[in-house]
Amino acid sequence: MNLINRFVPKNDKLQLLHTDPTLMDAMSERLTSWFPKIPREYVVVCIGTDRSTGDALGPLAGTFLSEKKPKHINIYGTLADPVHAINLKDHIKLINAQHKDAFIIAVDASLGKSTSVGSIISDVGSLRPGAALNKDLPSVGDIHITGVVNISGFMEYSILQNTRLSLVVEMAKCIASILEKVDQQLAFSRPLPAIVASNHKRTSGVEV
């Protein structure tokens with residue numbers, strides 16, 4: 001059990017290995033602590049492509065989350081319909097048109113130190129997709145989740161292409177489960193958006 005992370009101020013980023021037993025509770029708690037007090041729509045944008053094993057983290061997470069059928073979170077970016085460098089700007093326009101003033105959680109793969117590989121990181125603010133590959137893409141997200149899938153250094157494109165798929169799949173499943181747990185903590189405020197639910201017992205969607 002990683003007790004150190006329990007004492008990190010909620011405004012700071014949280015980084016845990018995807019195998020850490022405290023991951024689900026700690027990460028979902030941190031994410032919801034950053035949610036707005038005033039109800040808004042919630043959108044998850046999972047960025048990446050299925051044409052690269054390392055960069056498939058986003059669309060895999062989006063696919064796994066979609067299969068869980070969240071009630072309060074809108075999902076963009078799956079294996080069937082990925083959000084990547086070519087169509088990112090179009091998706092941002094679509095999201096802005098369909099979800100006014102939405103609170104956006106961006107999900108993407110990242111590269112880092114060898115000791116950080118396998119870590120899932122959540123932080124406040126937007127992320128810059130494609131930064132590791134020197135791509136000039138718009139920033140996305142009010143908050144974000146990244147998964148360190150491999151080491152950074154030279155030839156990042158080649159490194160992403162040669163990342164182990166088994167690690168990426170396991171990390172994507174963890175991210176989907178974290179976001180599912182976040183979704184379960186949201187309560188409808190007719191008809192949308194949702195708000196963070198209190199700790200009261202709930203029966204058939206009604207607090208008791």
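In which strand does His-144 lie? Select His-144: this residue lies in strand 6, where helices (H or I, at least four residues) and strands (E, at least two) are DSSP runs numbered from the N terminus. Before going further, note that this is a predicted model, in which local features need pLDDT of at least 70 and side-chain atom pairs count only at pLDDT 80 or more, while totals for chains, interfaces and linings use all residues. Residues are numbered from 1 along each chain as its sequence is written, and side-chain values use heavy atoms, with hydrogens and water left out.

**Stop 1: the surroundings of His-144**

His-144 counts as buried because its relative accessibility is 11%; buried means under 20% relative accessible area, exposed over 50%, and partly exposed in between (1.4 Å probe, protein chains only). Next, display Gly-125, whose backbone oxygen lies 2.7 Å from a polar atom of the His-144 side chain. With neighbours within four places in sequence left aside, His-144 is in contact (heavy atoms within 4.5 Å) with Ala-106, Ile-121, Ser-122, Asp-123, Val-124, Gly-125, Ser-126 and Leu-127.

**Stop 2: the nonpolar cores**

A nonpolar core is a set of buried Ala, Val, Leu, Ile, Met, Phe, Trp, Tyr and Cys residues joined through side-chain atoms within 4.5 Å. Select Leu-31 and Leu-179, which touch the most other members among the 40 residues of the largest such core. At least two residues of this core come from each of strand 1 (14-17), helix 1 (23-33), strand 2 (42-46), helix 2 (57-67), strand 4 (103-112), strand 6 (143-151), helix 4 (156-161) and helix 5 (165-184). Helix 5 provides the largest share, 10 residues. A second, separate core holds 13 residues, including Ile-104, Ala-106, Leu-137 and Val-140.

Return to Leu-31 and show what surrounds this residue. Not counting residues up to four places away in sequence, Leu-31 touches Ser-122, Ile-143, Ile-145, Ile-178, Leu-179 and Val-182.

**Stop 3: the aromatic pairs**

Three aromatic pairs are found in a search of the whole structure. Select Phe-35 and Tyr-42: the ring centres are 4.7 Å apart and the planes are at 15°, so this pair is stacked. Rings of Phe, Tyr and Trp (its six-membered ring) pair if their centres lie within 6.5 Å; planes under 30 degrees apart count as stacked, over 60 as edge-to-face and the rest as tilted. Phe-35 is buried, at 5% relative accessibility, and Tyr-42 is buried as well, at 2%.

**Stop 4**

How many of the 11 residues of helix 2 are buried? Nine are, and the helix is mostly covered. To see them, select Leu-57, Gly-58, Pro-59, Leu-60, Ala-61, Gly-62, Thr-63, Phe-64 and Leu-65. These buried residues pack against strand 2, strand 3, strand 4, strand 6 and helix 5.

Just after helix 2, select Lys-69, which takes a positive phi of about 50°. Lys-69 lies in the loop between helix 2 and strand 3 (73-76) and is exposed, with a relative accessible area of 66%.

**Stop 5: Asp-101**

Finally, select Asp-101 in the loop between helix 3 (88-98) and strand 4. Asp-101 has a positive phi of about 55° although it is not a glycine. At 58% relative accessibility, this residue counts as exposed.

Key
Polar contact = N/O pair within 3.5 Å; in protein donor to acceptor, adjacent residues only side chain to side chain.
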